[in-house]
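Hi,

Here is the structure I promised to pass on. Have a look at it first, and then read on for what turned up.

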Amino acid sequence: MSKLLRKNVIILFCQLFVFLGVSSLNNVSLKFVRHVPVYSWPRPIAQSMRVTSRLSCAIQCLERYPSSCHGYLYNGTSQLCTPCSGLSPHSQPQFSLGLGDFYFHESCDSYPDFKIHTLVNGTITVSAYAAYFKYPPRNYTQAQVICQSMNAHLFVARSVEKFYLFLSIGDNTLGDWIGLDDLANEGHFVWIDNGEEINPLLKPLLFDIYQPDNANGNEDCVYKRSLTDPHSLTLNDAPCASNISYICENPRC
Ligand SMILES: [Ca+2]
Ligand SMILES: [Ca+2]
């Protein structure tokens, strides 16, 4: 092979190598683009409607569009509710903040649950989370043991908003244990996940007006009353040995 021919062959190989290299880079780039979800942004799936509350917005969204409701926008001032679809867990809404706060609905380990994402200065933050499971009635201790077996704990509600979210996802036909008790120190109710005493400002907002009363000196565990109770949907302390249904919360979903 002549010198000139050998040189041309080397140049040809170099060009082929560069070509293949660029091609594979393009492929990587294309693959990356393909992995971006097609619908990464919330899309309104219906006209905004006027509702009475944020919770009714959630219910309307889920009941009217059970397969496509992935979240909703709710404006507390105008009470306008906008059902949305096409979300991913990393979605950032592109539309105006004027439409309201954005709430994202998702499932976790096949159990119904909610995350609340609130828009603050254009950023979605998670302000509350609740997964729930209902089982045949159990006493307070048994209920907590079953929750722990699912890497969960009895439901805790450190805010009024989370408590009402809890009411909105349960059927409320039964009383349900939540993770709050004064077993260790009479009169001092602590949350079951971290032993922190309930905020004294929150306590009267969640408990019924005459509760907790430690009736007969034997009420150390707290449950949410059922809809049929005259003082429904408020908290009450009761004997821990009572067998009632209960709510578990998985904070890691
Ligand atoms: Ca007590
Ligand atoms: Ca009581």
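The largest nonpolar core in this predicted model has 26 residues, and those with the most contacts inside it are Leu 154, Phe 155, Trp 177, Ile 178, Leu 180, Val 222 and Cys 248. Helix α3 and strands β9, β11 and β12 (235–238) each give two or more residues to this core. Apart from it lies another core, of nine residues, including Cys 61, Cys 69, Leu 73 and Cys 81. As you'll know, nonpolar side chains in soluble globular proteins tend to be buried together.

Which of its residues are buried? They are Tyr 140, Ala 143, Gln 144 and Cys 147. These four cover an arc of only 95° around the axis, so they sit on the same side of α3. The face turned away from that buried side carries Val 145 and Ser 149, which are exposed. As for partners, the buried residues of α3 pack against β8 (153–154), β9 (176–181), β11 (221–224), β13 (245–246) and β14 (248–249). Just after the helix, Asn 151 takes a positive phi of about 55°.

Strand β3 (residues 71–75) is largely enclosed by the rest of the structure, because four of its five residues are buried. It pairs with β4 (residues 80–85) in the antiparallel sense, over five bridges, and Tyr 74 stands opposite Cys 81 in β4. There are four residues between the two strands. One to click on in that loop is Gln 79, which has a positive phi of about 60° without being a glycine. Is Gln 79 exposed, buried or partly exposed? With 17 C-beta neighbours inside 10 Å, it counts as partly exposed, since the cut-off for buried is 20 or more and for exposed 12 or fewer.

For context, most residues other than glycine have a negative phi, and most peptide bonds are trans.

In helix α5 (residues 203–206) you'll find Lys 203, which is partly exposed, with 15 other C-beta atoms within 10 Å. Lys 203 and Arg 158 are 45 residues apart in sequence, and their C-alpha atoms are 9.5 Å apart in space.

Stepping back, the chain has five helices and 14 strands. Buried residues make up 29% of its 253 residues. Of the contacts with a separation of 6 or more, 58% are between residues 24 or more positions apart.

Now for confidence. The mean pLDDT of the chain is 71, and 59% of the residues reach 70 or more. Confidence is highest in strand β10 (residues 190–191), at 98, and lowest in helix α1 (residues 3–35), at a mean of 37. Over residues 10–40 the pLDDT is below 50, and that stretch has four contacts in the model beyond near neighbours in sequence. Residues 89–94 also stay under 50, with nine contacts beyond four places in sequence. Where pLDDT is low, the predicted coordinates should not be read in detail.

Cheers

Key: Residues are numbered from 1 along each chain as its sequence is written. Chains are lettered from A and ligands numbered from 1 in the order in which they are written. This is a predicted model: local features need pLDDT of at least 70, side-chain atom pairs count only at pLDDT 80 or more; totals for chains, interfaces and linings use all residues. pLDDT is the predictor's confidence in each residue, from 0 to 100. Two residues are in contact if their C-beta atoms, placed from the backbone, lie within 7 Å. Two strands pair if DSSP finds at least two bridges between them. The arc is that of the directions from the helix axis to the C-beta atoms. A nonpolar core is a set of buried Ala, Val, Leu, Ile, Met, Phe, Trp, Tyr and Cys residues joined through C-beta atoms within 7 Å.
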